[in-house]
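Biologist: I've got a structure to look through and I'm new to this. Could you walk me through it while I ask questions?

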Amino acid sequence: MSGHSTFDPKNPALKWFEARLPILGLAHSSFVAYPTPKNLNYWWTFGAILSMMLGVQIITGIVLVMHYTPHVDMAFNSVEHIMRDVNYGWLIRYMHANGASMFFIAVYVHIFRGVYYGSYKDPREVLWILGVVIFLLMMATGFMGYVLPWGQMSLWGAIVITNLFSAIPFVGEAVTTWLWGGFAVDNPTLNRFFSLHYLLPFMIAGVVGLHVWALHVSGQNNPTGVEVKSSSDTVPFTPYATVKDAFGMVCFLIFFAWFLFYVPNYLGHADNYIPANPLSTPAHIVPEWYFLPFYAILRAIPDKLGGVIAMFAAIVVLFFLPWLDTSKVRSARYRPLYRQFFWVLLAVCLGLGYIGAMPPEGWYIVIGRLLTAYYFLHFLVILPLLGFIEKPLPLPASITEAVLAKNGAAKPAVGA
Amino acid sequence: MATPSVVEPTRRDFLYIATGAVAAVGGAAAVWPFIAQMNPDASTLALASTDVNIGAIAEGSAITIKWRGKPVFIRHRTPKEIEDAKAVPMADLIDQDARNPNLTGDNTQATDAHRAAEGKENWIIMIGTCTHLGCVPIGQSGNFGGWFCPCHGSHYDTAGRIRQGPAPENLHIPPYQFTNDTTIRIG
Amino acid sequence: MSAKTRPMTSVSALLKAAVIAVATFAVTAPALAAGPAHTPHREDWSWSGPFGHFDRGQLQRGFKVYREVCASCHGIKLVAFRNLMEDGGPEFSEGQIRLLASEYQVQDGPDESGEMFDRPGRLSDRFPSPFPNEQAARAAQGGAYPPDLSLIAKARTYTRGFWLSLLDLVTQYQEHGADYLHAVLVGYGQPVPADAHAQPGLHYNPYFPGGWIAMPNPLSDGQVEYTDGTPATVDQYSRDVTAFLAWTAEPHLEARKQLGFVVFIFLFVFAGLLYFTKKKVWSNVAH
């Protein structure tokens, strides 16, 4: 695994430069010669897709800032100015707004891929934890970005979410006042959210750098979950992974373009086209879709502080996933019981998202509580026990063996 | 590996070149909106014209108004200023072009008649930014009794023509027209 | 593969149960959320779908209805006069719009003496609003606030439930705001249900959330003169003004859909080429 950089420039100028700053060698060993397990499926292209989406969000965001005004009296109209007057402003703004959703879709796929194939297990715990940190930063960025157009949902979303902190005992009120910079969500709040919304993506980019670094130390996991044993298990990153990632990215762009050009407001809220009015709350406040499962958990607990704790715990529990999963086998392919619980967890998360979008009344409350209970049950009880109860299927000796078995013996079978 | 057939590499090369070419075209096209967005937007372009009432400007005085974010000098010249400007021979001018988009003929020499308002030679209307590096010149000062730019010492005469200093061109004249005797529309 | 199929069956059974559970709620959801308001009917709008575009004549008629009926109370302050002659909109001629703009008085200033003054509108001006601010509007309208209509077609919607929303994503249907506006405009004059207690100063309209709206029925047959032979009916007025407001809410809709088509063709070609390139690159590696 180590020492795979064979980069040796022939050009004397490059040689001179490389001796002083070996950045080309670093790029070569990271993105050209880097050995990639040859059995990676398309779920593994979402890492590249996420890098692309981070780039799209940063570029479109910087451009939007050239035309946006972070002031409560002008923010709404400056966004409309972008939509109406700025050259291609509508395109860039819709790219940014829908790009955020695409980013979250991709990150959820990426997370569930890691969960299915056990990518968080030894020796990739730090890699996984850095991923959860990125996810948290994304949530903060997405939330503050949604405040910036200063429509009704922007304002009331900001009010509801910042009020979560008022649940903290003793200092809650002081904390919210500090967050707001006043006695309500107002101009100082908008200004600081704007500042932080601009800052956080660069922090995400920094943590992504660490995430990729950690990935390149441990090497990629793969669908079998069996570590790379020899060079016959891998192919060089370029051209093999590069071209596969490129195909995955373009397919994802097709999906993105569907929203961007034809249903650009589908994932937004109509109320956010009404300018913010601190005197009147919209009838039905809902966060952006990517927060809905957590919103459902928040509402499932009939206690203010308890709800907030449960919501944050739902994310914090992910940090401990590498140790909560006691099984030695990584991939769900060879874990017949875990595989079922994986699908149940996925359904529960989708169900929580659905409940989060519904008004908190009647059966929705009951279902929301059951699903919330199951979510924690999965991580805190089922997962630790499974490692002891489950009898895993026999593992292939190596990636090469698994590939040979798939292509040779089971020729007519459906490919994984 | 076995030697590839003769057809194989050409077909493969064509595929790679086609894919690369499409990627390059797509990349270039995707960059364009991000460049175009920095051009003046539709609302800026629409702010093309402004009406100015000049009825209250006495002879020998001037006003400065803002048009497209820039100062525009509107000066009611004295007969002496007009005489001085007319007396300058063409050969003495650094820039012999009138820099006046309102001229219709082929002759764009920087004569006083081509600098002043057509048929109203007591009015001169110019964009008040020095053609050197964009400072605003001071009126009725400098070596030629016209305008003087304090930033780098450019001297303009009473028709706003560059006579001395680093500026390369005469003060530019905006497009304008008299809508009646006391109102001009700039832009 | 065969070894994996057995556990899959119980998984699919669980999933099926989950799907049924979700579906049950999806169906009951609108009934819970809708309250007294009726769900607007889905209309057939010319600008919906991937190749949708506005009907110029309809936008011009819609502007006439807006100007003669709505404009006395509702502004369109985000729209500039010049927009009415730009591509993808009503596309009036420049002469028509210069004349139109000059009929409006726009506040400008301060002048030499420091006073604000009114002057005739220019192409670059935005439509002046009928009231200087919300308080003035409420004072003049007995407490009700006629909202600005620039974005109204995107700022209003109705829920169709989970599955129909998914269908809208696939069929690219985004015109819920337009459906709602049309439903409200033609929704007056219906019999008031016995259990609805009338509220003084409000008008019954089952498509308005809550059922009682401050705006009196604004349209009547023959109210606005059409010169192109289009029937001068409330239904037609409503459709035309709705189209106009859909355009004011999304003035670059046509450009967006046209660019989208080009981008889609490009992406499909590119994806196809990449697919074959990928196959070629991987052809000598078992994976």
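Biologist: How many aromatic pairs does a search of the whole structure find over all chains?

Modeller: First, a word on what we're looking at: this is a predicted model, where local features need pLDDT of at least 70, side-chain atom pairs count only at pLDDT 80 or more, and totals for chains, interfaces and linings use all residues. Residues are numbered from 1 along each chain as its sequence is written, chains are lettered from A and ligands numbered from 1 in the order in which they are written, and side-chain values use heavy atoms, with hydrogens and water left out. Rings of Phe, Tyr and Trp (its six-membered ring) pair if their centres lie within 6.5 Å; planes under 30 degrees apart are stacked, over 60 edge-to-face, and the rest tilted. Searching the whole structure that way, over all chains, the number of aromatic pairs is 53.

Biologist: What kind of aromatic pair do Phe104(A) and Tyr108(A) form?

Modeller: Their ring centres are 6.3 Å apart, with 40° between the planes.

Biologist: Why are Phe104(A) and Tyr108(A) separated by about one helical turn?

Modeller: Look at helix 5 (residues 89–116) of chain A, which holds both of them. Helices here are DSSP runs (H or I, at least four residues), strands are E runs of at least two, and both are numbered from the N terminus.

Biologist: Is Phe104(A) buried or exposed?

Modeller: Buried means under 20% relative accessible area, exposed means over 50%, and partly exposed is in between (1.4 Å probe, protein chains only). Phe104(A) has 3% relative accessibility, so this residue counts as buried.

Biologist: And which class of aromatic pair do Tyr375(A) and Phe376(A) form?

Modeller: Tyr375(A) is buried at 6% relative accessible area, and Phe376(A) is buried too, at 17%. Their centres lie 5.4 Å apart and the planes are at 85°, which makes the pair edge-to-face.

Biologist: Which ring has the charged end of Lys244(A) sitting over it?

Modeller: A charge sits over a ring if NZ of Lys or CZ of Arg is within 6 Å of the ring centre and within 35 degrees of the ring normal. For Lys244(A), the distance to the centre is 5.0 Å, and the ring belongs to Tyr42(A).

Biologist: Moving on to the chains, how much area is buried between chain C and chain A?

Modeller: Contact means heavy atoms within 4.5 Å, and 60 residues of chain C are in contact with 53 residues of chain A. Buried area is the accessible area (1.4 Å probe) that two parts lose on being put together, summed over both. Carbon and sulfur atoms give 71% of it here, and the total is about 5,300 Å².

Biologist: Which residue of chain A forms a salt bridge with Arg126(C)?

Modeller: A salt bridge is a side-chain nitrogen of Lys or Arg within 4 Å of a carboxyl oxygen of Asp or Glu. Between chain C and chain A the count is two salt bridges. For Arg126(C), the closest N and O atoms are 2.7 Å apart, and the partner is Asp85(A).

Biologist: Which residues are linked with Asp85(A) in a network of salt bridges?

Modeller: Within chain C, Glu86(C) and Arg82(C) form a salt bridge, with the closest N and O atoms 3.2 Å apart. Glu86(C) is partly exposed at 27%, whereas Arg82(C) is buried at 6%. Linked with Asp85(A) in the network are Arg82(C), Glu86(C) and Arg126(C).

Biologist: How many residues apart are Arg56(C) and Glu254(C)?

Modeller: These two form a salt bridge, with the closest N and O atoms 2.7 Å apart. Arg56(C) is partly exposed at 24%, while Glu254(C) is buried at 7%. The pair links distant parts of the chain, helix 2 (residues 56–68) and helix 9 of chain C, and the separation is 198 residues.

Biologist: How far apart in space are Glu254(C) and Gly88(C), C-alpha to C-alpha?

Modeller: Leaving aside neighbours within four places in sequence, the contacts of Glu254(C) include His53(C), Phe54(C) and Gly88(C). Glu254(C) and Gly88(C) are 166 residues apart in sequence, and in space their C-alpha distance is 5.9 Å.
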